[in-house]
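Open the model in your viewer and keep the sequence panel beside it. The tour goes from one selection to the next.

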Amino acid sequence: YPLMPRRVLFGGVGFVLFWALYFHPFGLALRPLLWQEGADRDEAVEYSMEQAINMSLEERLDDVWLMLSRRVNDLYQFRKYIEYVPSVRPYFGLDLIVQGHVALVPRILWPGKPDLERLSMQLVYDAGIVSEQSTVSAKSNFYQDAYLSQGWIGVFLASLILGFATIFVNRLCEQLFGGYEI
């Protein structure tokens, strides 16, 4: 137990470094091959692995900086959603929640299940956040979905629900795993 914080810290730092320096560049190389060029999955994975392994450290750090400065910041995307809803399109109501529940059904039980990436990205295209020719996946986050569903009231209610869910999970973990020791 006394070594656990150190293990978590070093394990977490190692995972983040692996993800940022190897897995993220792999995904950047793989996505256009599969989405736009229609390459064979095995060949695309092999090519993307070669690309990710053969990158210089400077290229990796540039990719990480671009990801952190552009993709992690959702303000541009949120501003576009505020301009789009409700002035261009009315609030979605429960449509986004229903769409989220579609994701829970395994494809093996529903072979005709719609392509969820295409469904969720259609909103992004309609709002003018990215064009259909781009290779990014820029789906809305929890708070953006709450705003799109019911405006600022939706954000307030979603925050309350998330807070209550967090408190419930916290108390459940304390009961199941021995209180504050864990």
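Two residues are in contact when they have heavy atoms within 4.5 Å of each other. Keep in mind that this is a predicted model.

Select Tyr-81 to begin. Which residues does Tyr-81 touch, leaving out those up to four places away in sequence? They are Leu-123, Val-124, Ala-127, Ile-129, Ala-138, Ser-140, Gln-144, Tyr-147 and Leu-148.

The largest nonpolar core has 18 residues, and Tyr-81, Leu-123, Val-124 and Leu-148 touch the most other members. To see where the core comes from, colour helices α4 (75–84), α6 (116–126) and α7, the elements that each give two or more residues to this core. Helix α7 supplies the largest share, 5 residues. Another core lies apart from this one; it has 5 residues, including Leu-30, Leu-33, Ala-44 and Ala-52.

Next, go to Pro-86, in the loop between α4 and α5 (95–102). Show the bond that joins Val-85 to Pro-86: this peptide bond is cis, with omega about 5°. Most peptide bonds are trans.

Finish on helix α7, which spans residues 142–177, and pick out Phe-164 there. Is Phe-164 buried or exposed? Phe-164 has a relative accessible area of 59%, and exposed means over 50%, so this residue counts as exposed.

Methods. Residues numbered from 1 in each chain as written. Predicted model: local features only at pLDDT ≥ 70, side-chain atom pairs only at ≥ 80, totals over all residues. Heavy atoms only, no water. Helix = DSSP H or I, 4+ residues; strand = E, 2+ residues; numbered from the N terminus. Buried < 20%, exposed > 50% of the residue type's maximum accessible area, 1.4 Å probe, protein only. Core = buried A, V, L, I, M, F, W, Y, C linked by side-chain atoms within 4.5 Å.
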